[in-house]
Amino acid sequence: MSQQNHKLFMRITGNSYRSLSKLIKPSMSLDSGIGSLGCSDEYVVRRLFVFIKDNLIFESLQDGLMQKKLLSEREKEEYVRSNCARHYWSERLLKLIIRKERCKEFVAFIHQMACHKHVSEKIMEVQEKAKGGTLKAANGDDESVFS
């Protein structure tokens with residue numbers, strides 16, 4: 001395949017992937033962690049990513065996160081703080097927590113933080129909405145409460 005054809009192929013497949021990723025929503029079926037036991041913490045963190053990122057101050061959390069072993073010194077230096085401005089630290093922290101599957105512990109940690117009560121309340125609100133939506137889906141209601 002010539003280089004020009006290869007570039008065209010990559011552009012077409014890349015555009016298709018981006019288009020599909022916008023159309024496909026995260027799995028919200030009963031067997032994806034949202035079920036009778038409540039809402040998946042990973043779902044909540046992903047759903048509230050921008051809200052959490054904008055409302056958390058990394059500097060105020062870092063000691064507690066390290067005590068709870070949600071963040072190691074190495075991860076803090078090499079991933080969260082590396083090569084980026086301070087206003088990106090919370091975003092990188094959340095991405096790390098999602099990637100390392102520490103969402104359950106992170107949500108529990110946020111619930112314990114008095115200074116982030118508004119974030120904790122928003123998390124509980126989304127959990128309740130998702131739990132209600134799961135019950136409606138289980139009962140056969142077609143109306144989506146996730147949107």
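**View 1. Surroundings of S120 in the predicted model.** Leaving aside neighbours within four places in sequence, S120 is in contact with I110 and H111, where contact means heavy atoms within 4.5 Å. S120 belongs to helix α8 (residues 117-138); helices (H or I, at least four residues) and strands (E, at least two) are DSSP runs, numbered from the N terminus. The side chains of S120 and H111 are joined by a polar contact of 2.5 Å, a term for a pair of N or O atoms within 3.5 Å in which, within protein, one must be able to donate a hydrogen and the other to accept it, while residues adjacent in sequence count only if both atoms are side-chain atoms. S120 counts as buried because its relative accessibility is 6%; buried means under 20% relative accessible area, exposed over 50%, and partly exposed in between (1.4 Å probe, protein chains only). This is a predicted model in which local features need pLDDT of at least 70 and side-chain atom pairs count only at pLDDT 80 or more, whereas totals for chains, interfaces and linings use all residues. Residues are numbered from 1 along each chain as its sequence is written, and side-chain values use heavy atoms, with hydrogens and water left out.

View 2. In α7 (residues 103-112), the buried residues are C103, F106, V107, F109 and I110. Seen down the axis of α7, these residues fall within an arc of 160°, so they line one face of the helix; the arc is that of the directions from the helix axis to the C-beta atoms. The face turned away from this buried side carries the exposed residues K104 and Q112.

**View 3. Packing of helix α5.** E75, K76 and V80 are buried in α5 (residues 73-80), and they lie on the same side of the helix because they cover an arc of only 100° around its axis. The buried residues of α5 pack against α4 (58-67) and α6 (89-99), while exposed R74 and E78 are carried on the face turned away from the buried side.

**View 4. Confidence along the chain.** The protein chain has a mean pLDDT of 75, with 64% of its residues reaching 70 or more; pLDDT is the predictor's confidence in each residue, from 0 to 100. Among the elements of the chain, helix α1 (residues 3-23) has the lowest mean pLDDT (55) and α7 the highest (94). Over residues 19-38 the pLDDT is below 50, and this stretch has 19 contacts in the model beyond near neighbours in sequence. Where pLDDT is low, the predicted coordinates should not be read in detail.
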